[in-house]
Amino acid sequence: MEHKRLTLFAGHFGSGKTNIAVNYALHLAAEGNKVCIADLDIVNPYFRTKDSAAVLDAAGVHLISPTFANTNVDLPALPAEAYRLVTDKSIYGIMDIGGDDRGAYALGRYVPAMKEEGNYRMVFVANCYRPLTRTPEEALEVMREIEAACGLQFTDIINNSNLASETTPETVLASLDYMEKLSQLSGLPIWLTTAEKAVASQLDLSPVLPLTLQEKYFDLPSQKPGNRPLWG
């Protein structure tokens with residue numbers, strides 16, 4: 001799996017950006033890299049990177065998150081420390097971007113530095129089972145809205161199609177035609193397919209990033225197609 005110094009995860013609200021960002025940070029750290037992850041999500045106060053603070057800390061991953069994350073005060077403000085991701089070239093930086101174009105506005109302030117360095121991957125996280133991205137064309141529209149909001153173009157797609165605890169290998173395999181169409185429409189490659197570890201072990205696909213879901217994702221009611229995803 002090829003790594004860029006900066007990896008940004010963005011996509012439709014509820015597509016699974018946060019869980020993937022945390023798992024990718026842990027993957028990089030397990031390879032012996034110095035890793036820093038920043039929660040730039042100013043849209044969704046429920047699924048926060050900070051939910052996994054203890055796991056990240058145990059793996060040696062430095063977490064940057066808004067001061068009021070996971071409190072009853074949720075302000076659309078980003079910590080100044082987040083600039084470290086674009087200024088400190090000794091680290092692998094990961095950015096968890098807020099959902100849709102609203103959250104993408106927060107990324108704009110870092111874009112000039114990222115473009116100057118030119119060592120980043122901007123990933124569109126797609127779940128074909130989300131109600132507002134049921135077709136590749138709808139997903140492409142969301143992609144273009146995010147790009148326009150932040151001023152940065154996507155470079156890759158992640159297939160995170162799932163039905164939470166009801167996901168089976170067949171659930172993931174049924175999404176492949178959708179993702180291929182999205183790839184063709186956007187001109188972008190499918191970088192990774194993701195799935196919970198037990199499901200990933202049954203997939204004959206490459207490359208696959210096995211996901212470890214944090215406890216919070218199991219505490220919610222079971223999801224049916226079209227409802228809010230658990231893998232936020």
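Tutor: K4 is partly exposed, because its relative accessibility is 26%. Its partner is E2: the two form a salt bridge, with the closest N and O atoms 3.6 Å apart. This is a predicted model, so keep confidence in mind as we go.

Now the sheet itself. Eight strands make up an open sheet, and the pairing is parallel. Read across, the order is β3-β2-β4-β1-β5-β6-β7-β8. At the edges sit β3 (62-64) and β8 (208-211), each pairing on one side only. Direction ignored, neighbouring strands are turned by 25 degrees against each other on average. In general, strands of a sheet pair through backbone hydrogen bonds, either parallel or antiparallel.

Strand β2 covers residues 35-40 and strand β4 covers residues 92-97. They run parallel, and six bridges join them. Within this pair, D39 stands opposite D96 in β4.

Next, helix α1, residues 17-30. It lies across β1 (6-11), β2, β4, β5 (120-126), β6 (156-159), β7 (190-196) and β8. Against β4, helix α1 runs at about 170 degrees.

How many residues of α1 are buried? Twelve of the 14 are, so the helix is mostly covered. Among the buried ones are K17, T18, N19, I20 and Y24. The list also includes L26, L28 and A29. Just after α1, G32 takes a positive phi of about 95 degrees.

Helix α8, residues 176-186, lies across β5, β6 and β7. It runs at about 170 degrees to β6.

E137 forms a salt bridge with K181, the closest N and O atoms being 3.1 Å apart. E137 is in helix α6 (residues 136-150) and K181 is in helix α8, so the pair links distant parts of the chain, 44 residues apart. Both ends are partly open: E137 has a relative accessible area of 41%, and K181 is at 33%.

Helix α6 holds another pair. The side chains of R144 and E147 meet in a salt bridge, 3.0 Å from N to O. The two are three residues apart in helix α6, so about one helical turn separates them. Their surroundings contrast. R144 is partly exposed, with a relative accessible area of 36%, whereas E147 counts as buried at 6%. Elsewhere, salt bridges with shared partners join E2, K4, R121 and D156 into one network. The whole structure has seven salt bridges.

Last, confidence. The mean pLDDT of the chain is 85, and 81% of its residues reach 70 or more. Two stretches need care. Over residues 69-76 the pLDDT stays under 50, and the model has 13 contacts there beyond four places in sequence. Over residues 216-232 the pLDDT is below 50 as well, and this stretch has 55 contacts in the model beyond near neighbours in sequence.

Key. Residues numbered from 1 in each chain as written. Predicted model: local features only at pLDDT ≥ 70, side-chain atom pairs only at ≥ 80, totals over all residues. Heavy atoms only, no water. Pairing = 2+ DSSP bridges. Helix = DSSP H or I, 4+ residues; strand = E, 2+ residues; numbered from the N terminus. Axes fitted to C-alpha atoms, helices over the stretch in contact; angles between N-to-C directions. Contact = heavy atoms within 4.5 Å. pLDDT = per-residue confidence, 0-100. Salt bridge = Lys/Arg side-chain N within 4 Å of Asp/Glu carboxyl O. Buried < 20%, exposed > 50% of the residue type's maximum accessible area, 1.4 Å probe, protein only.
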